[in-house]
Amino acid sequence: MLLCSLFLWQASRGTVKASGNFNASADAEVLHKAMKGLGTDEDTILQLLTARSNAQRQQIKATYKTLFGKDLVSDLKGELGGKFETLIVALMTPPITYDVTSLRNAIKGAGTDEKVLVEILASRTPQQVKDIIAAYRQEYDDDLEEDVSGDTSGHFKRLLVILLQVHVTLVIVNLCVSVFDAYMKLSGYEMEESIQRETSGSLRDLLLAVVKCARSVPGYFAETLYYSMKGAGTDDNTLIRVMASRSEVDMLDIRAEFRKKFACSLYSMIKGDTGGDFRKTLLLLCGGDDA
């Protein structure tokens with residue numbers, strides 16, 4: 001009951017909500033018109049899609065197919081480009097499918113994208129991990145644990161496999177915070193300090209992510225977003241992945257944590273680090289400034 005209430009509460013902490021006067025047919029017509037003829041009305045597209053929940057976007061996609069005989073995502077891909085296109089396609093993808101596709105690409109692409117494996121497997125709830133494993137098998141007829149094991153090695157591989165054991169993940173979620181307090185009393189160090197000193201590379205990243213998510217998932221994502229934009233160059237893939245996947249879950253809490261941890265708001269950092277329609281969409285997903 002407590003977990004159920006927690007997840008319901010989390011779901012209400014998003015910046016993107018379901019539209020109250022939703023009409024899938026009207027929305028499909030608006031999107032079709034925005035892409036019809038010469039030029040594309042990107043502003044209409046991004047304003048509409050960021051004002052609908054993911055479930056509503058799926059209804060729009062189905063209605064678009066019925067009305068026009070075409071796939072909405074394919075049409076969007078044909079009309080948009082670059083980072084803006086990637087973000088819009090992410091918003092049009094059901095959450096579990098998005099996680100499954102991200103994991104598959106991280107494993108099966110050129111080289112392993114450890115960052116994606118760490119972020120998704122450390123931060124998702126036990127039920128989400130269970131759903132991801134099932135959806136991965138259904139989509140690819142492969143076992144996620146076997147694919148992860150085949151593409152990673154050493155202690156990093158072992159910890160990823162542990163995180164894929166749903167019953168173990170539930171124990172970690174329930175016990176970790178009290179364990180961290182006891183560790184601090186015994187050693188005089190925060191758990192994160194010891195991990196930084198004693199480990200390195202992908203294993204260190206994964207251990208830190210597990211600890212940070214056990215303390216606060218929004219806090220973990222606030223840091224992830226900050227470091228995706230800090231310094232020279234922006235890690236656009238991480239920025240897109242987090243903003244798209246958390247906008248309906250806990251973006252309000254991520255914003256609050258961001259403001260506590262750093263000298264600026266998430267909104268102002270996005271505004272200063274991105275541009276064009278990509279920036280407009282990200283700022284709408286962010287949902288407001290906490291300056």
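Tutor: The discussion below moves from the whole chain to single residues. Please keep in mind that this is a predicted model.

Student: What does the C-alpha trace span along its principal axes?

Tutor: The C-alpha trace spans about 65 × 45 × 40 Å along those axes. Of the 291 residues, 45% count as buried. Among contacts with a separation of 6 or more, 68% are accounted for by residues 24 or more positions apart.

Student: How should I describe the packing of two helices, for instance at what angle H4 and H5 pack?

Tutor: One describes the angle and the distance between the axes, then the residues that meet. Helix H4 covers residues 54-68 and helix H5 covers residues 72-79; they pack at an angle of about 90°, with their axes 9 Å apart. Angles of 65 to 115 degrees count as roughly perpendicular, and that makes H4 roughly perpendicular to H5.

Student: Which residues in H4 and H5 meet?

Tutor: From H4 come Ile60, Lys61 and Tyr64, and they meet Leu72, Val73 and Asp75 in H5.

Student: Where does Asp71 lie, and is Asp71 buried, partly exposed or exposed?

Tutor: Asp71 lies in the loop between H4 and H5. At 32% relative accessibility, Asp71 counts as partly exposed, because that class falls between the 20% limit for buried and the 50% limit for exposed. Not counting residues up to four places away in sequence, Asp71 touches Tyr64 and Lys65. The C-alpha atoms of Asp71 and Lys61 are separated by 7.2 Å, although these residues are 10 residues apart along the chain.

Student: How does one read a backbone angle, and what is the phi of Asp141?

Tutor: Most residues other than glycine have a negative phi. Asp141 has a positive phi of about 55° although it is not a glycine. Asp141 lies in the loop between helix H9 (126-140) and helix H10 (144-151). With a relative accessible area of 64%, Asp141 is exposed.

Student: How do I read a residue in the interior, and is Leu225 buried or exposed?

Tutor: One takes accessibility together with contacts. At 0% relative accessibility, Leu225 counts as buried. Leu225 is found in helix H15, residues 217-229. Beyond residues up to four places away in sequence, Leu225 touches Leu239, Val242, Met243, Ile254, Phe258 and Leu266.

Student: How far apart in space are Leu203 and Glu114, C-alpha to C-alpha?

Tutor: Leu203 and Glu114 are 9.5 Å apart, while 89 residues apart in sequence. Leu203 lies in helix H14, residues 201-215. Leaving aside its neighbours within four places in sequence, Leu203 is in contact with His155, Phe156 and Leu159.

Student: Finally, how many disulfides are counted?

Tutor: A disulfide requires a pair of cysteine sulfur atoms within 2.5 Å. By this rule the count comes to zero disulfides. Cys286, for example, is in no disulfide; the nearest cysteine sulfur, that of Cys264, is 11 Å away. Cys286 is buried, with a relative accessible area of 0%. Cys213 also counts as buried, at 9% relative accessibility.

Conventions: Residues numbered from 1 in each chain as written. Predicted model: local features only at pLDDT ≥ 70, side-chain atom pairs only at ≥ 80, totals over all residues. Heavy atoms only, no water. Axes fitted to C-alpha atoms, helices over the stretch in contact; angles between N-to-C directions. Helix = DSSP H or I, 4+ residues; strand = E, 2+ residues; numbered from the N terminus. Parallel < 35°, antiparallel > 145°, perpendicular 65-115°, else oblique. Contact = heavy atoms within 4.5 Å. Buried < 20%, exposed > 50% of the residue type's maximum accessible area, 1.4 Å probe, protein only.
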